[in-house]
Amino acid sequence: MTRHILHIDLDAFFVSVEQVLVPELAGKPVIVGGRPDRRGVVASASYEARAYGVRAAMPLTQAYRLCPQAIFLQGDFKKYRDFSARFMNILADFSPSLEPGGLDEAYLDVTGCDIFGTPLQIAKKIKERVRKELGLIASVGIAPSKVVAKVASDLGKPDGLIEVPIGGEKSFLAPLPVARLPGVGGKTEQTLVVMGIKTIGQLADLPQELLKGRFGTFGAMLHEHANGIDESRVEVYGEVKSISRETTLERDTLDSQFLEGMLRHLSEKVGADLRYEGKRARSVILKLRYSDFETITRRFTPKESLASDEAIFVEAVRLLKQALAKKRKPVRLIGVGVSNLVGEARQLTMFDQASRRLELLDKTIDRIRRKYGFAAIQTGRTFALKDIFSRGGED
Ligand SMILES: [Mg+2]
C-alpha cells in the first residue's frame with residue numbers, strides 16, 4: 001500500500017523559542033550554545049546569524065569571530081522541552097503514528113487519515129497551528145517514504161512545504177548533492193566525491209555491490225535511499241540501543257580524582273536512563289578526548305549484565321585507569337556509555353495516549369542530548385561540577 005509520510009521539522013528551534021519569549025530578539029543574529037569565550041558549540045543559530053556563516057555544531061569561538069555582534073544565549077532546556085511537548089501534541093492530533101526524531105522534528109504517517117484532508121492539506125494545517133499556537137515555523141516534507149520526506153523538509157527550509165509525488169522519489173533526489181542524503185556526513189561525502197560521485201542521482205546509478213564493498217551494509221542502505229527506496233516504518237517506539245553521557249571539561253586536565261568524580265556523575269545519569277528504559281547493559285564504554293583532539297573509546301563486557309550506577313562507575317573507572325596509564329595527555333572531554341542492552345522492555349501497550357507521548361518525549365530528549373553533547377546545558381553543569389570537585393584538589 002502506498003504510504004503518505006510527513007517529516008515535520010521546526011526551523012532554528014532553540015533560537016526561535018527564545019525569539020518568541022523575548023520578542024526583542026526577533027530579526028537579530030542570535031546564537032544558542034553558551035558564552036562565546038567558553039568551550040562548546042553552537043546548538044542553534046538564527047537565520048540572521050547564519051547569513052554570516054554561523055552553523056550548528058560550530059565551535060562558539062569560531063561563531064564569535066564570524067559574527068561578533070550576535071547575541072549569545074546559554075539556552076534553557078526546560079523551555080525547549082515544553083515547546084517540544086506542545087509541538088508533538090499538535091502532530092498527534094492528526095495521526096497516532098508519530099515518531100519523534102528529536103525535540104523539533106518528527107515523522108508522521110498520515111496514510112488513511114483522510115478525515116483531516118489530503119496529506120498536503122494536513123501539512124498546511126500543521127504549519128498553521130504551529131505558527132498560531134507556538135509562534136514557530138515548521139518546514140514539512142511529504143513523500144511515500146521516510147528518507148525522502150526528510151530530504152524534502154530539509155530542502156524547503158526555511159518555512160518549507162514540499163510534496164514529492166508518488167513515483168517521483170528518484171527524480172526528486174537525483175539532482176541534489178549527496179550531502180543532502182541523511183547519514184552522509186563529511187567523511188562519507190569526501191569518499192564519494194573522490195569516487196566522482198557528487199549528486200544523489202550519480203550515487204543511485206552506481207552498482208549496489210560497489211557501495212556495499214566500500215561502506216558495508218551502510219553502503220547498501222545508501223544505495224536504496226539514493227534510489228528513493230526506504231521501507232522503514234514510522235516507529236512509534238524507537239528502540240534504544242545504547243545510552244551515553246559525555247561532557248567537555250572547562251579546562252583540560254590530568255587530575256584523576258577530578259576525572260573520577262566526573263565519571264561518578266556521568267555514570268549516575270547513564271544508570272538512571274538505563275533503568276528508565278527497563279534494560280540492563282552488557283557493555284560499559286569509556287570515551288576520552290585528549291587536548292590534541294585524539295579521541296578514544298574503550299569497552300568492557302563483564303560476565304554479568306549490569307544496571308546499577310555503581311557497577312557502571314566501577315567499570316568506567318577501571319577503563320579510565322588503564323587509559324591514563326597508557327597515555328599521559330590532558331583530557332578535554334570525558335564520556336560514559338552502556339551498550340548491548342538486554343532485558344524486557346516494559347509493557348507499553350497498556351499506557352494511555354498521553355503518557356505514551358510523555359515517555360516518547362523523554363526518550364527523545366535523551367537521544368538529543370547524546371546527539372549534540374549539549375554544550376548549552378553542559379556549560380552550567382560543568383560549572384557546578386567544578387565547584388564540587390575542585391574542593392578536593394586543584395585543576
Ligand atoms: Mg529543526
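Author: Gladly! Let us begin with strand E1, where both faces are covered: Ile5, His7 and Asp9 on one side are buried, and so are Leu6, Ile8 and Leu10 on the other. Please keep in mind that this is a predicted model, in which local features need pLDDT of at least 70 and side-chain atom pairs count only at pLDDT 80 or more, while totals for chains, interfaces and linings use all residues. Residues are numbered from 1 along each chain as its sequence is written.

Reader: What makes a residue "buried" or "exposed"?

Author: It is a count: a residue is buried if 20 or more other C-beta atoms lie within 10 Å of its own, exposed if 12 or fewer, and partly exposed in between, with C-beta atoms placed from the backbone. Of the 395 residues of the protein, 39% count as buried.

Reader: Why is strand E1 called largely enclosed by the rest of the structure?

Author: 6 of the 6 residues of E1 (residues 5-10) are buried, so the strand is largely enclosed.

Reader: How do you know what is a strand and what is a helix?

Author: Both are DSSP runs, numbered from the N terminus: helices are H or I with at least four residues, and strands are E with at least two. By that rule the protein has 15 helices and 12 strands.

Reader: What makes two strands "paired", and which strands pair with E1?

Author: Two strands pair if DSSP finds at least two bridges between them. E1 is joined to strand E6 (residues 105-109) by 5 bridges, running antiparallel, and Asp9 has Glu105 as its bridge partner there. With strand E7 (residues 138-143), E1 pairs over 6 bridges, again in the antiparallel sense, and Ile8 is partnered by Val140.

Reader: Why is the pairing of the sheet called mixed?

Author: The sheet is open, with 5 strands in the order E5-E6-E1-E7-E8, and its pairing is mixed. E1 and E7 are antiparallel, whereas E7 and E8 pair in the parallel sense over 3 bridges. Ile142 stands opposite Glu163 in E8. In general, strands of a sheet pair through backbone hydrogen bonds, either parallel or antiparallel.

Reader: What lies across E1, E6, E7 and E8?

Author: Helix H6 (residues 146-156) does, running at about 145° to E7. Such angles run from 0 to 180 degrees between N-to-C directions, and the axes are lines fitted to C-alpha atoms, for helices over the stretch in contact. Contact, in turn, means that the C-beta atoms of two residues, placed from the backbone, lie within 7 Å.

Reader: Is Asp159 buried or exposed?

Author: It has 12 C-beta neighbours inside 10 Å, so Asp159 counts as exposed. Compare Glu235, in the loop between helix H11 (217-226) and strand E9 (242-253): with 13 such neighbours inside 10 Å, Glu235 counts as partly exposed.

Reader: What makes a set of residues a "nonpolar core"?

Author: The members are buried Ala, Val, Leu, Ile, Met, Phe, Trp, Tyr and Cys residues joined through C-beta atoms within 7 Å. The largest such core has 66 residues, and Leu6, Ile31, Leu91, Leu108, Ile126 and Val148 touch the most other members. Apart from it lies another core, of 24 residues, among them Ala281, Val284, Leu288 and Val338.

Reader: How do you know that the length of helix H13 agrees with its number of residues?

Author: The expected span is 1.5 Å times one less than the number of residues. For the 18 residues of H13 (residues 309-326) that should be 26 Å, and the end C-alpha atoms are 26 Å apart, which agrees. Among the buried residues of H13 are Ile312, Phe313 and Leu319. Their cover includes helix H12 (256-276) and strand E12 (331-342).
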